[in-house]
Amino acid sequence: MDETVTSPLQAWESFYVIVGSSAGALTGLQFVVLTLISEAGMIRGSAETLAAFGSPNVVHFCAALLVSAIFSAPWHGLGPPGIAVALCGAGGFVYSVAVLRRALRQRDYKPVLEDWTWHAALPMLAYAGLVHAGIKLSRVSGDALYIVGGATLLLVFVGIHNAWDTVTYVTLQRAREHKARGAARGTAERQPPSGTAPGERRNVEASGPPAPRNPEA
């Protein structure tokens with residue numbers, strides 16, 4: 001009886017080892033990226049903006065790691081891991097709703113359709129899939145394992161996309177600021193000294209360079 005029930009989990013063992021280890025490594029890499037951006041002075045925006053577009057990436061990675069850990073445990077049935085995954089999905093769905101509200105309240109960045117898709121819609125879909133699959137697993141339905149695997153992998157892909165999108169956005173913003181400062185510096189260098197009146201500058205330009213002296217005079 002136990003072998004027939006636990007065999008589906010054993011078949012998914014390699015999958016969750018790969019997904020869980022990837023999620024754990026990407027979580028650590030996210031801290032490194034934020035540290036490098038902070039040291040370079042490239043962080044912009046309020047804490048609410050960071051909570052809407054930065055922190056959820058770590059949460060998605062941790063959720064994928066948690067699901068992988070749940071299915072790597074030595075369960076003797078599909079019911080207990082199904083309940084654990086359903087609770088994990090419910091908590092993630094509530095968190096995604098909170099992230100959506102933060103994204104609507106913040107004023108530092110105006111999201112576009114791609115942002116709403118990757119930061120709100122897809123995470124909600126993944127967590128809702130975990131809830132649905134967890135309920136089916138609690139009724140000993142082995143087919144729901146495919147839903148759990150797809151939702152977990154989707155969370156990893158969402159975190160990767162959002163983290164890369166954040167890094168590229170901050171980098172481009174930094175490049176635009178450097179270009180704007182360079183243009184402003186060039187404009188300031190072309191302006192006359194503050195002590196020179198506009199009329200005097202025109203007279204100097206009109207008169208041209210001074211005539212050379214006559215050594216015989």
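Contact, as used in this report, means heavy atoms within 4.5 Å. The structure is a predicted model, in which local features need pLDDT of at least 70 and side-chain atom pairs count only at pLDDT 80 or more, while totals for chains, interfaces and linings use all residues. Residues are numbered from 1 along each chain as its sequence is written, and side-chain values use heavy atoms, with hydrogens and water left out.

**Overall fold**

The chain contains eight helices and zero strands; helices (H or I, at least four residues) and strands (E, at least two) are DSSP runs numbered from the N terminus. Of its 217 residues, 33% count as buried, where buried means under 20% relative accessible area, exposed over 50%, and partly exposed in between (1.4 Å probe, protein chains only). Among contacts between residues at least 6 apart in sequence, 82% join residues at least 24 apart.

**Helices H4 and H6**

Two packed helices are described by the angle between their axes and the distance between the axes. The axes of H4 (residues 55-72) and H6 (residues 113-138) come within 12 Å and cross at roughly 20 degrees. H4 is therefore roughly parallel to H6. Axes are lines fitted to C-alpha atoms, for helices over the stretch in contact, with angles running from 0 to 180 degrees between N-to-C directions; angles under 35 degrees count as roughly parallel, over 145 as roughly antiparallel, 65 to 115 as roughly perpendicular and the rest as oblique.

From H4, the residues Val59, His60, Ala63, Val67 and Phe71 meet Pro123, Tyr127, Leu130 and Leu137 of H6. By class, this contact has eight nonpolar, one polar and no charged residues. Ala, Val, Leu, Ile, Met, Phe, Trp, Tyr, Cys and Pro count as nonpolar, Asp, Glu, Lys and Arg as charged, and the others, Gly among them, as polar.

The table gives their relative accessible areas.

| Residue | Relative accessible area | Class |
|---|---|---|
| Asn162 | 1% | buried |
| Gly149 | 3% | buried |

Leaving aside residues up to four places away in sequence, Asn162 touches Asn57, Trp118 and His119. The side chains of Asn162 and His161 are joined by a polar contact of 3.2 Å. A polar contact is a pair of N or O atoms within 3.5 Å; within protein, one must be able to donate a hydrogen and the other to accept it, and residues adjacent in sequence count only if both atoms are side-chain atoms.

Gly149, with neighbours within four places in sequence excluded, is in contact with Trp12, Phe15 and Tyr16. Gly149 and Ala64 are 85 residues apart in sequence and 9.5 Å apart in space, C-alpha to C-alpha.
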